[in-house]
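Here is a short briefing to read alongside the model. Keep the 3D view open and turn it as you go.

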Amino acid sequence: FGWGGDSTHNILWRIQNGELDGVNPKVIVLLAGTNNIGDKPKPGAADDAVDGIAAILETCKAKAPGATIILMAVLPRNDNPESNRIVAEVNQRIVKFADGKTVRFLSINDQLADKDGKLHEGMTVDNLHLSVKGYEIWANNLKPLLTELLGEPAEKDLAPPPTGDPSALKKK
């Protein structure tokens with residue numbers, strides 16, 4: 001089960017209002033905070049992102065106590081150097097939420113961007129959202145963790161298509 005590409009406020013509202021109910025995931029992957037920072041960060045953007053991530057983690061732990069949460073580092077942005085300074089600050093703070101057991105922290109930022117957070121060519125489609133190449137880096141880094149937590153993948157993949165909509169499997 002996973003969320004990403006939204007503000008912490010919206011993710012928190014969605015899981016508080018049913019999206020995690022009755023799912024009982026073994027693993028939750030959480031990517032949040034980039035949208036809280038934005039391309040023109042407001043005062044308190046770092047606190048907003050950190051507080052939101054903390055609230056999401058606590059809600060996930062309460063609704064899915066058996067799940068391991070893979071907390072992704074907030075991804076860099078290419079639209080404002082100040083945003084990337086805040087991204088780095090947020091990541092320094094949220095890594096402390098990981099205990100290595102119930103919450104794992106995973107950063108792929110060093111593979112997506114240089115030391116200043118400037119994204120490498122081809123990592124995004126629009127200087128913010130990951131491209132296929134960026135998603136492949138994410139997948140390659142998640143796979144060992146998911147294998148450790150869930151076991152080897154089945155020979156036949158029965159997961160719904162990437163839309164997340166199981167009805168997309170139905171032939172028309």
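In this predicted model, I28 of strand β2 (residues 27-30) has I69 of strand β3 as its bridge partner. Strands β2 and β3 pair in the parallel sense over four bridges, where pairing requires that DSSP finds at least two bridges between two strands. Helices (H or I, at least four residues) and strands (E, at least two) are DSSP runs, numbered from the N terminus.

Two notes before you explore:
- Residues are numbered from 1 along each chain as its sequence is written, and side-chain values use heavy atoms, with hydrogens and water left out.
- Because this is a predicted model, local features need pLDDT of at least 70 and side-chain atom pairs count only at pLDDT 80 or more, while totals for chains, interfaces and linings use all residues.

**Strand β3 and its neighbours**
- On its other pairing, β3 is joined to strand β4 (residues 103-106) by four bridges, and these two strands also run parallel.
- I69 stands opposite V103 in β4, and M72 stands opposite L106 in β4.
- How many of the residues of β3 (residues 68-72) are buried? Five of the five are, so the strand is largely enclosed by the rest of the structure.
- Here buried means under 20% relative accessible area, exposed means over 50%, and partly exposed lies in between (1.4 Å probe, protein chains only).
- In a regular strand the side chains alternate between the two faces of the sheet.
- Both faces of β3 are covered, with T68, I70 and M72 buried on one side and I69 and L71 buried on the other.
- β3, helix α4 (residues 81-94) and β4 make a right-handed β-α-β unit. Right-handed means that, with the strands pointing away from the viewer, the path from the first strand over the helix to the second runs clockwise.

**The whole chain**
- The chain's secondary structure comes to six helices and four strands.
- Read from the N terminus on, the elements run β-α-β-α-α-β-α-β-α-α.
- Of the chain's 172 residues, 40% count as buried.

- Helix α3 (residues 45-63) has 19 residues and reaches 27 Å from its first C-alpha to its last, close to the 27 Å expected at 1.5 Å a residue. That expected span is 1.5 Å times one less than the number of residues.
- Buried residues of α3 include A45, V50, I53, I56 and L57.
- In helix α1 (residues 8-16), the residues T8, I11, L12 and I15 are buried. Seen down the axis of α1, these buried residues fall within an arc of 100°, so they line one face of the helix. The arc is that of the directions from the helix axis to the C-beta atoms.
- After α1 comes G18, whose phi is positive, near 115°.

**An aromatic pair**
- The structure holds one aromatic pair. Y135 and W138 form this stacked pair, at 5.8 Å centre to centre and with 20° between the planes.
- Rings of Phe, Tyr and Trp (its six-membered ring) pair if their centres lie within 6.5 Å; planes under 30 degrees apart count as stacked, over 60 as edge-to-face and the rest as tilted.
- Being three residues apart in helix α6 (residues 132-150), Y135 and W138 are separated by about one helical turn.
- Y135 counts as partly exposed at 44% relative accessibility, whereas W138 counts as buried at 14%.

**Residues in the loops**
- N24 lies in the loop between α1 and β2. Phi of N24 is near 50°, a positive value in a residue other than glycine.
- Is N24 buried or exposed? N24 is exposed, with a relative accessible area of 62%.
- A67 lies in the loop between α3 and β3 and is buried, with a relative accessible area of 7%.
- The C-alpha atoms of A67 and N24 are separated by 7.6 Å, although these residues are 43 residues apart along the chain.
- N127, in the loop between α5 (109-112) and α6, also has a positive phi, of about 70°, although it is not a glycine. N127 is partly exposed, with a relative accessible area of 43%.

**How confident is the predictor?**
- pLDDT is the predictor's confidence in each residue, from 0 to 100. The chain averages a pLDDT of 89, and 90% of the residues score at least 70.
- Confidence is lowest in strand β1 (residues 2-3), at a mean of 56, and highest in β4, at 98.
- Where pLDDT is low, the predicted coordinates should not be read in detail.
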